[in-house]
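Hi,

Here is the structure I promised to send over. Have a look at it first, and my notes on what I found follow below.

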Amino acid sequence: MIINDIMSETLPSLTIKGKTIPVPVIQGGMGVGISLHPLAGAVAREGGIGIISSACLDRLVSKRTGKKHNSYEAAYEEISLAKQNGGFAGINIMCALARDYNDSVKGALDAGADVIISGAGLPLSLPAVQDPKDTALIPIVSSARALEIICKKWEKLGYRPDAVVLEGPLAGGHLGFKMDQIDIDANRLENLFPPVKDMAEKYGDFPVIVAGGIYSHEDIAAFMKAGADGVQMGTRFLATEESSASSDYKHAVLTASDDDIIVAYDPGSPCGLPFRIIRQSPMYVSALSKKRKPKCDKGYVLLKDREGKFSLCPAKESNEHHFCICNGLLSSANFNPESEEPLYTVGTNANRVDKILSVKNLMDELTGKVCVQTSV
Ligand SMILES: Cc1cc2nc3c(=O)[nH]c(=O)nc-3n(C[C@H](O)[C@H](O)[C@H](O)COP(=O)(O)O)c2cc1C
């Protein structure tokens with residue numbers, strides 16, 4: 001398939017760092033183990049940007065290949081596979097995974113990733129890790145203030161963002177908002193957008209990609225009409241044939257009602273950020289009972305203490321206030337289902353999903369090639 005032949009019928013293309021992406025849709029990185037090369041490669045082939053998640057990628061790729069891969073090698077391998085049939089692909093690297101951060105960045109850069117998207121914290125030193133050459137560096141923010149802090153820091157490093165993802169509070173995964181800020185009007189994506197667009201213009205007029213709660217072709221078209229340059233979507237791609245979510249996870253998405261989708265905080269993610277889940281997720285239910293014993297044998301979520309040393313993940317000591325996010329999410333991606341209870345993260349719109357689609361069918365719907373009646 002020749003990517004350049006794929007043109008969205010009604011949506012404009014998206015240009016980032018001189019590369020023109022035919023369909024202005026970025027499939028959001030979904031850790032742990034949900035957006036791997038089968039999903040990212042399929043999105044790339046359909047003209048969007050496919051994104052690998054770097055979370056726990058060393059373990060996931062090592063298990064798949066039967067050969068030990070470190071974080072650098074795993075990022076390199078997965079990006080190479082996602083790009084092998086053409087199109088644009090990149091990686092999502094969360095700041096919260098501090099210990100593996102630089103190695104994941106270097107592996108992705110050396111493999112020729114088109115973009116590195118980085119959030120779950122402010123990626124202040126991303127441009128300093130290694131010369132990005134053709135790879136676009138894209139922070140994820142939840143406010144104009146956060147974008148300004150990043151722009152000022154990156155300016156000192158001689159770099160400016162190649163684009164920014166503005167993620168609102170309806171997204172899946174970790175949320176960049178305090179619990180009492182999630183539902184307020186000022187933080188609706190459409191209200192967060194104008195000051196972020198102004199900030200992007202002030203620092204070099206780079207593209208602004210919006211994310212969180214975008215579901216249909218009409219949603220995309222409305223944000224593009226309001227001045228967004230593209231969208232990033234997670235939940236719709238979670239519910240595809242190519243996503244690496246377990247069949248139980250996909251079933252939980254199909255059957256989730258509005259009331260089932262909640263924001264977990266205490267017990268919550270050891271990262272300390274609110275985390276949106278399906279409340280029936282077995283790991284959440286058992287953490288709520290306050291009787292869950294920690295079973296962590298991974299040690300990924302390592303935060304730095306005041307002296308800059310890596311501290312222990314809080315979920316390793318007790319699951320009273322935190323669930324074991326790495327093991328719970330790995331289980332949801334079929335990594336260790338026999339030894340751990342799964343944890344299902346979704347965006348608010350998961351209740352609208354009633355069908356698992358192929359990436360091709362989903363992209364046809366999102367670009368407006370196929371009209372679909374969506375329920376609200
Ligand atoms: C299953 C799942 C896992 C996610 N994992 C990550 C992640 O590891 N890092 C990240 O920055 N965002 C993560 N996200 C957020 C998505 O990349 C995306 O920005 C967000 O889900 C957009 O909102 P939507 O789901 O309403 O489309 C995740 C979302 C989902 C649904």
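A word on naming before anything else: helices (H or I, at least four residues) and strands (E, at least two) are DSSP runs, numbered from the N terminus. Residues are numbered from 1 along each chain as its sequence is written. Please keep in mind that this is a predicted model, where local features need pLDDT of at least 70 and side-chain atom pairs count only at pLDDT 80 or more, while totals for chains, interfaces and linings use all residues.

**The overall picture**

The protein has 14 helices and 13 strands. Its radius of gyration (taken over C-alpha atoms) is 19 Å, close to the 21 Å that the globule rule (2.2 Å times the number of residues to the power 0.38) gives for 376 residues, so the protein is as compact as a globular protein of that length. The C-alpha trace spans about 55 × 50 × 45 Å along its principal axes.

I call a residue buried if 20 or more other C-beta atoms lie within 10 Å of its own, exposed if 12 or fewer, and partly exposed in between, with C-beta atoms placed from the backbone. On that count, 56% of the 376 residues are buried. Two residues are in contact if their C-beta atoms, again placed from the backbone, lie within 7 Å. Of the contacts between residues at least 6 apart in sequence, 65% join residues at least 24 apart.

The protein divides into domain 1 (13-245 + 353-367) and domain 2 (247-348), with bounds that come from an automatic or database domain assignment. Their C-alpha centres lie 22 Å apart. Across the interface, 34 residues of domain 1 are in contact with 28 residues of domain 2. On the domain 1 side, the elements giving two or more residues are α2 (57-65), β9 (173-174) and α9, and α2 has the largest share, with three residues. That side comprises 19 nonpolar, 11 polar and four charged residues. For these classes, Ala, Val, Leu, Ile, Met, Phe, Trp, Tyr, Cys and Pro count as nonpolar, Asp, Glu, Lys and Arg as charged, and the others, Gly among them, as polar.

Now the ligand. Both domains give residues to the shell around the ligand, so it lies between them. There are 30 residues around the ligand, and Gly28, Gly172, Gly173, Gly234 and Gly347 come nearest; a residue is near a molecule or strand if its C-beta atom, placed from the backbone, lies within 6 Å of it. β11 (230-233) and α9 (235-238) each supply at least two residues of this shell. By class, the shell has 13 nonpolar, 16 polar and one charged residues.

After α2 comes glycine 66, with a positive phi near 75°.

A nonpolar core here is a set of buried Ala, Val, Leu, Ile, Met, Phe, Trp, Tyr and Cys residues joined through C-beta atoms within 7 Å. The largest one has 121 residues, and among those with the most contacts inside it are Ile79 and Val196. α3 gives the most to this core, with six residues, and the core draws at least three residues from each domain.

Leaving aside neighbours within four places in sequence, isoleucine 79 is in contact with Ile52, Ala89, Ile91, Ala108, Ala111 and Ala113. Valine 196, in helix α7 (residues 189-202), is buried, with 24 other C-beta atoms within 10 Å. Not counting residues up to four places away in sequence, valine 196 touches Val141, Ala144, Leu147, Val164, Leu166 and Val208.

Most residues other than glycine have a negative phi, and most peptide bonds are trans. A few spots to check against that:

- The peptide bond from glycine 31 to valine 32 is cis, with omega near 5°; valine 32 is in the loop between β3 (25-27) and α1 (37-45).
- Aspartate 266 and proline 267 are joined by a cis peptide bond, omega about 5°, and proline 267 is in the loop between β12 (261-264) and β13 (275-278).
- Alanine 120 has a positive phi of about 50° although it is not a glycine, and is buried, with 22 other C-beta atoms within 10 Å.
- Asparagine 334 has a positive phi too, near 65°, but is partly exposed, with 17 other C-beta atoms within 10 Å.

Cheers
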